[in-house]
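Hi,

Here is the structure I said I would pass on.

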Amino acid sequence: MLSFAYPIYLLLLLLVPLLAALYWYSRRSARSRLARFGRIEVLRPLMPDVSPYKPAIRVTLRLIALAALVLAFARPWGGLTEQTANKEGIEVVAVVDASNSMLASSTDDIDGPTRMTAAKLLLERMIDGMSNDRIGLVTFAEQAYSLIPVSSDFASAKSFLGTIDPNQMTAQGTNIADALAVAVASFTPGNDVGKAIVLFTDVEDLDDENAVMGAVKEARKQDIQINVVGVGTAEGSVINTPQGLFTDDEGNVVNTRLNEALGKQIAKSGGGVYVNASSLNALLSLQKQLKEVKRTSLASSHLVLHDELFMYFAAIALLCLVIDCFMVNRKNMLLRKITFFKKEDKK
C-alpha cells in the first residue's frame with residue numbers, strides 16, 4: 001500500500017489542473033486573436049514551420065514532471081516491515097542524591113562546582129558512553145522517586161536528569177535505603193538480565209545505616225551490582241545558597257563532608273566499585289566495573305519504513321524535462337509534409 005511521509009505536499013498537485021486550465025485558456029485566447037486576421041484554415045499554410053501539436057505535448061510533459069516532483073517531495077513509501085534487533089547489554093539504574101548537602105561545593109573551594117553539578121556531569125558522560133544498554137533514573141532525599149523506568153531512551157534520561165534540584169525536594173534527608181529499594185523495583189522482572197545500580201551521593205546524614213546495608217543485601221540477593229560515586233571532599237564544605245550560608249535549626253553553619261568510608265562499604269557489599277567523582281579516572285573505573293556485569297540479549301522489536309519510491313518519481317520528472325529540452329515548437333523536418341487528422345476534401 002502506497003503511503004507518504006509528507007502528505008501535506010500533495011496539496012501542490014492542485015497546481016497541475018490549474019496550470020492546465022491556464023494553458024487551455026491562453027491557447028484559446030491566442031486562437032481568438034489569430035482569428036481577427038482571417039480564417040485559421042487560410043492562415044495556417046502561411047506558418048508551415050509551426051507545429052499545432054508540439055506546444056500541447058511540451059506542456060503535458062512539464063505538467064507530468066511537476067506532478068512527479070510533487071510526489072517525490074511527498075516521499076512515497078511502499079509499506080512497513082517489522083524487524084527485531086537483538087543487542088547485548090545490561091540494565092543500569094542511576095540513583096542521584098538530591099538532599100541539601102548536594103548543593104555544597106564538590107571541591108575545597110567554597111565557590112567550586114556543586115556536588116549536584118559534578119554528579120550530573122559524570123552521569124551524563126556515563127550515559128553518552130552507553131549504546132546497547134538500558135538506563136533508569138531515581139532521585140531521592142528523605143524519600144525516593146523513580147523519574148523514568150529502565151529504557152533505551154538516553155535522551156529522555158538526560159532530559160530528566162536536568163530537572164533534579166535539591167530545592168524542589170519537599171522533605172530533606174538522605175534515605176539511601178529507600179532509594180535502593182525503588183531502584184531495585186525499577187528493573188525489568190526476571191533474573192536473565194544483567195543489572196547494576198550506580199549511586200551518586202555524598203553518603204552523609206543517613207537516617208538508618210543498618211537499613212542501608214539491609215537494602216544492599218536484598219539487592220545482592222537479586223544479583224544486582226551496586227556501585228557508588230562519592231561527590232565532595234572529606235574536609236567538607238559549607239552550603240552556599242543565594243540566601244546565604246545554610247544553617248541548622250540552632251543557627252549554626254552546616255559543614256557537610258563526604259562519608260567516603262561508608263560509600264566504600266556500600267560498594268564492597270554490593271559487589272561493585274567505589275569512585276570519587278573528582279578522580280580523573282572515575283568514569284573509566286565505573287565503565288570497567290559495569291562491563292563485568294553479565295550482558296544478555298536485549299531484544300527490541302520496532303517497525304521500519306522501507307521501499308522508498310521517491311527516486312522513481314524523480315526519474316519520471318527528469319525524463320520528461322530532458323525530452324522537453326530537446327523539443328521545439330517547429331514541425332519535424334521529416335514530418336513537415338504530414339498533417340495528422342487532415343480532413344479530406346469532398347468532391
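Below is what turned up, beginning with the chain as a whole and ending with single residues.

Bear in mind that this is a predicted model: local features need pLDDT of at least 70, side-chain atom pairs count only at pLDDT 80 or more, and totals for chains, interfaces and linings use all residues. Residues are numbered from 1 along each chain as its sequence is written, and side-chain values use heavy atoms, with hydrogens and water left out.

**The chain overall**

The protein chain has 10 helices and 13 strands; helices (H or I, at least four residues) and strands (E, at least two) are DSSP runs, numbered from the N terminus. Of its 347 residues, 39% are buried. Here buried means under 20% relative accessible area, exposed means over 50%, and partly exposed is in between (1.4 Å probe, protein chains only). The accessible surface comes to about 20600 Å², and carbon and sulfur atoms hold 58% of that; these areas are from the Shrake-Rupley method with a 1.4 Å probe, and for residues only the protein chains shown count as cover. Among contacts with a separation of 6 or more, 80% are between residues 24 or more positions apart, where contact means heavy atoms within 4.5 Å.

**The sheet**

Now for the sheet: in what order do its 6 strands run? The order is E5-E4-E3-E6-E7-E12, in an open sheet with mixed pairing; two strands pair if DSSP finds at least two bridges between them. Strand E5 (144-151) and strand E12 (271-276) are the edges: each has a single partner strand, so one side of each has no neighbour in the sheet. From one strand to the next, the twist averages 15 degrees.

Strand E4 (residues 134-140) and E5 run antiparallel and are joined by 5 bridges, and a hairpin of 3 residues connects E4 to E5.

Helix H6 (residues 176-186) lies across strand E3 (91-97), E4, E5, strand E6 (195-201) and strand E7 (224-230), at about 25 degrees to E5. Helix H8 (residues 260-269) lies across E7 and E12, and runs at about 155 degrees to E12. For these angles, axes are lines fitted to C-alpha atoms (for helices, over the stretch in contact), and the values run from 0 to 180 degrees between N-to-C directions.

**Aromatics and cysteines**

How many aromatic pairs does a search of the whole structure find? It finds 1, where rings of Phe, Tyr and Trp (its six-membered ring) pair if their centres lie within 6.5 Å, and planes under 30 degrees apart count as stacked, over 60 as edge-to-face and the rest as tilted. The pair is Tyr6 and Tyr9, tilted, at 5.9 Å centre to centre with 40 degrees between the planes. Tyr6 is partly exposed at 39% relative accessible area, and Tyr9 is partly exposed too, at 38%.

The disulfide search over the whole structure gives 0, a disulfide being a pair of cysteine sulfur atoms within 2.5 Å. As for individual cysteines, Cys320 is buried at 8% relative accessible area, whereas Cys325 is exposed at 64%.

**Single residues to check**

Arg75 has a positive phi of about 55 degrees although it is not a glycine. You will find Arg75 in the loop between helix H3 (54-73) and strand E2 (76-89), partly exposed at 31% relative accessible area. Asp223 also has a positive phi, near 60 degrees; Asp223 sits in the loop between helix H7 (209-221) and E7 and counts as exposed at 58%.

Leu321, in helix H10 (residues 310-325), is partly exposed at 37% relative accessible area.

Last, Thr233 is in the loop between E7 and strand E8 (237-238) and is buried at 15% relative accessibility. Which residues is Thr233 in contact with, leaving aside its neighbours within four places in sequence? They are Ser106, Thr107, Asp108, Arg257 and Leu258.

Cheers
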